[in-house]
Amino acid sequence: MLFLKRFYAILKARNLEFFRDKSSLAWSIAFPVLLLVGFSIVFSGDGKDIYKVGVLNNPDKPATFLQTKYIEFVDYTDAELALGKVRQHKLDLMVDYRLGLYWINDTSPTGYMAEQLLLAHKNDMTGKEWVKQTVTGKQIRYIDWVLPGILGMNMMFSCLFGVGYVIVRYRKSMVLKRLNATPVSALEFLSAQIVSRLMIVMCISSVIFIGCNIMFDFYMLGSYFDLFIIAILGAMSLISLGLVIAARSQSEELTGGLLNMASWPMMIFSGVWFSLEGSPEFIQHLANWLPLTHLVESARAIMTEGANLYDLRGHIAIMLVMTGVFLGLGTLTFRWNGDGR
């Protein structure tokens with residue numbers, strides 16, 4: 001009971017401290033909303049510079065259609081993956097030269113134009129004609145695709161800096177030294193900080209998601225419950241990383257540098273703004289070591305592909321392992337004072 005009382009007292013104090021800081025609270029909500037509004041304006045047009053066509057079973061002889069300018073041709077070996085992209089308007093057309101089939105989404109205007117270009121190249125199918133197959137599906141806008149990245153990025157900054165700076169500030173202002181003279185243990189203090197930050201992050205992220213969903217009507221195929229669970233797991237891994245960085249440091253400048261060193265690679269390599277599909281293999285391996293990558297990819301898979309928690313078990317396992325490792329390191333290296341005590 002004493003543990004719970006002390007834990008609750010620290011948790012309540014930290015939550016009150018955050019929500020009384022109106023400027024920080026307002027910026028935490030306004031920043032991702034402004035980004036989404038900006039992207040919705042910039043990418044509001046329906047036009048494309050080029051068409052994008054998926055290709056299954058490339059022909060042995062040269063095909064004139066595959067030499068057409070201003071069309072990006074992407075080779076696929078997984079037909080279901082490519083068909084999913086046609087449904088979501090990520091591909092304008094998919095062709096299979098071995099079967100003589102092509103797939104199109106009849107609601108895609110660019111798909112119709114790509115189809116006409118394909119049918120104009122009759123020489124590619126000597127002795128037979130193309131057979132049309134249709135699929136249905138709703139178009140994914142760029143704002144639908146980028147949403148998990150923007151919310152994940154906002155969660156990353158809130159988790160890392162919200163834990164890192166607070167602990168260092170407490171240490172520098174002697175708050176931790178005074179707490180060390182009380183019956184409060186390191187476990188109680190750290191647990192309260194982690195739970196407090198998790199509650200704040202999930203509360204703000206939920207408000208942002210619901211509000212923006214009302215404005216933009218996001219593409220959502222999966223379960224909101226699954227998305228919420230993934231957000232919690234991702235936030236826990238990021239909070240734990242922030243705890244490791246702030247476990248000993250007494251310098252706000254050093255902590256700020258370390259937090260930036262941790263956050264910027266995730267900004268670039270975690271698929272926040274663009275897909276890493278087709279990037280060098282070592283870059284993709286590097287991305288797998290970053291907790292934000294697994295948060296963003298899992299959330300994006302739930303929203304745009306309808307994935308469930310079982311489908312994402314690999315990402316979930318990695319986030320759980322990262323959380324356990326970071327928490328263990330943070331707890332072992334935590335010191336009340338900057339002098340190592």
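Okay, so one definition before anything else: buried means under 20% relative accessible area, exposed means over 50%, and partly exposed sits in between, with a 1.4 Å probe and protein chains only.

Quick housekeeping. This is a predicted model, where local features need pLDDT of at least 70 and side-chain atom pairs count only at pLDDT 80 or more, while totals for chains, interfaces and linings use all residues. Residues are numbered from 1 along each chain as its sequence is written, and side-chain values use heavy atoms, with hydrogens and water left out.

Along the principal axes, the C-alpha atoms fill a box of roughly 90 × 40 × 35 Å. As for contacts, meaning heavy atoms within 4.5 Å, residues 24 or more positions apart make up 76% of those with a separation of 6 or more.

Now the surface. Trp264, Ile268 and Phe274 make a nonpolar patch of about 310 Å². Patch residues have over 30% relative accessible area and no salt bridge, with like charges joined within 9 Å and nonpolar side chains (Val, Leu, Ile, Met, Phe, Trp, Tyr) within 5 Å. A salt bridge, by the way, is a side-chain nitrogen of Lys or Arg within 4 Å of a carboxyl oxygen of Asp or Glu. Phe274 is in the loop between α9 (252–269) and α10 (281–287), and is partly exposed at 41%.

Tyrosine 70, in the loop between β1 (51–56) and β2 (71–76), has phi near 65°, positive although the residue isn't glycine. Tyrosine 70 counts as exposed, at 64% relative accessibility. Methionine 174 also has a positive phi, near 70°. You'll find methionine 174 in the loop between α5 (142–172) and α6 (175–180), partly exposed at 38%.

Last stop, serine 196 in helix α7 (residues 186–216). So, buried or exposed? Buried, at 1% relative accessibility. Leaving out residues up to four places away in sequence, serine 196 touches Leu11, Arg14 and Asn15. Phenylalanine 334 is 138 residues from serine 196 in sequence and 18 Å away in space, C-alpha to C-alpha.

Note on methods
Areas by Shrake-Rupley, 256 points an atom, 1.4 Å probe, with all protein chains shown as cover. Helix = DSSP H or I, 4+ residues; strand = E, 2+ residues; numbered from the N terminus.
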